[in-house]
Amino acid sequence: MAREMKIGNRMIGDGHPAYIIAEIGINHNGDLDTAKEMIMSAKDCGVDAIKLQKRTPELCVPKEQRDLMRETPWGYITYMAYRERVEFGEAEYREIDKLCKELGIDWFVSVWDEPSVDFIEAFNPVCYKLPSASLTDHNLLRKVRATGRPMIVSTGMSTGDQIKDAVAAIGTDNLAITHATSTYPCDPQELNLKMIQTLKDDYPCPIGYSGHEVGLITSVVAVSMGACIVERHFTLDRSMWGSDQAASVEPGGFRRLVKYIRVTEMALGDGVKRVYDSEKSSMKKLRRYL
């Protein structure tokens, strides 16, 4: 069986170009104009999709954290107020949906709770992402599975058994799994890129990589090791306020990342040894026969 699936108009999996996702997340800091600028910039970088995050704060923020105070660009406010401040509603998502359709770029979200799935369903998303934090929330996994849409499940801060249990809950049809380490930013010695092959050995579905490291090289290496999806956090400026900015890639870097991945895909070839026409003149001049 082919290790592939379809997201939007793109086939994803072995033998297909990597599906490159710019994870905007909440780096827009709740500002729609900033989100739009990020989407247009990501499109200019050549990515296949942008991704945001959708939460219901009253469900996702633990009670003991709601009243904790935090310094923010909007003043000294509670953590709950901050989470509400950066969350987009229907009007903002309508604008995002319209812009992405005009630009011809896929968009979808990481859903953190069940009401968020119902909310996003109204936009007919090309797929859903399940963040690493939700890998063990089997009710949420089943809720997303019931939509019938493609699913991408991330595996940071998880054990092999937890991954196995999650896959058992939803099956491997129309599923992609991304290897991840949930440290922001992540030290290279904890990236463990060989897990990409481990996941390919264990599961008959497309395997990708969600990276939180500083730099580009290791994400390109992930493609050479078989990752057919690459997701990196995206920002306009790493000096912007926000906890994910330091592990994000700015437009210039993201443009290079897309270029490096596409060159790597060309260079990998098909593993069949052949003599290329470009070699024949050298062969004629240099080859020795005994």
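Biologist: Where is the place of Pro185?

Modeller: Before anything else, please keep in mind that this is a predicted model. Pro185 sits in the loop between β10, which covers residues 175-180, and α9, which covers residues 195-202.

Biologist: And the peptide bond from Tyr184 to Pro185, is that cis or trans?

Modeller: The bond that leads from Tyr184 into Pro185 is cis, and its omega angle is near -5 degrees.

Biologist: What is the phi of Asn192 near?

Modeller: Asn192 has a phi near 50 degrees, which is a positive value in a residue other than glycine. Asn192 is placed in the loop between β10 and α9, and with a relative accessible area of 45% it is partly exposed.

Biologist: What about Met157, where is that one found?

Modeller: Met157 is in the loop between β9 (151-154) and α8 (160-170). Its phi is positive, at about 45 degrees, although Met157 is not a glycine.

Biologist: Is Met157 buried or exposed?

Modeller: Met157 counts as exposed, because its relative accessibility is 59% and the cut-off for exposed is over 50%.

Biologist: Let's change topic to pockets. What volume does the largest pocket have?

Modeller: The volume of the largest pocket comes to about 550 Å³. Its lining is made up of 30 residues, and those that lie nearest its centre are Gln53, Arg55, Trp112, Ala133 and Tyr184. Tyr184 is also the residue from which the cis peptide bond runs to Pro185.

Biologist: Which helix gives the most to that lining?

Modeller: That is α4, which gives 3 residues to the lining of the largest pocket. At least two lining residues come from each of β4 (49-54), α4 (79-85) and β12.

Biologist: Which side chain does Glu231 make a polar contact with?

Modeller: The side chain of Glu231 is joined to the side chain of Lys129 by a polar contact of 2.8 Å. If we leave aside the neighbours within four places in sequence, the residues in contact with Glu231 are Ile21, Glu23, Lys51, Lys129, Tyr209, Ser210 and Gly211.

Biologist: How about Arg3, buried or exposed?

Modeller: Arg3 is buried, with a relative accessible area of 19%, and that value falls on the buried side because the cut-off is under 20%. In the chain, Arg3 lies in the segment before β1, which covers residues 4-7.

Biologist: What does the side chain of Arg3 reach or make a polar contact with?

Modeller: The Arg3 side chain makes a polar contact of 3.0 Å with the side chain of Asp14, and it also reaches the backbone oxygen of Lys200 at 3.1 Å. Beyond its neighbours within four places in sequence, Arg3 is in contact with several residues, including Ile12, Tyr203, Pro204 and Cys205.

Biologist: You mentioned a cysteine. How many disulfides does the structure hold?

Modeller: The structure holds 0 disulfides. For Cys205, the closest cysteine sulfur is in Cys228 at 8.7 Å, which is too far for a bond, because a disulfide needs two cysteine sulfur atoms within 2.5 Å. Cys205 is buried, with a relative accessible area of 1%.

Biologist: One more residue: which helix is Lys143 found in?

Modeller: Lys143 belongs to helix α7, residues 138-145, and it is partly exposed at a relative accessible area of 25%. In sequence Lys143 and Glu114 are 29 residues apart, while in space they are 6.7 Å apart from C-alpha to C-alpha. Leaving aside neighbours within four places in sequence, Lys143 is in contact with Glu114, Val117 and Asp118.

Note on methods
Residues numbered from 1 in each chain as written. Predicted model: local features only at pLDDT ≥ 70, side-chain atom pairs only at ≥ 80, totals over all residues. Heavy atoms only, no water. Buried < 20%, exposed > 50% of the residue type's maximum accessible area, 1.4 Å probe, protein only. Polar contact = N/O pair within 3.5 Å; in protein donor to acceptor, adjacent residues only side chain to side chain. Contact = heavy atoms within 4.5 Å. 1 Å grid on protein atoms, 1.4 Å probe; cavity = no way out; pocket = protein on both sides within 12 Å on 5 of 7 lines; lining within 4 Å. Points joined across faces, edges and corners; volume = space filled by probe spheres on them. Helix = DSSP H or I, 4+ residues; strand = E, 2+ residues; numbered from the N terminus.
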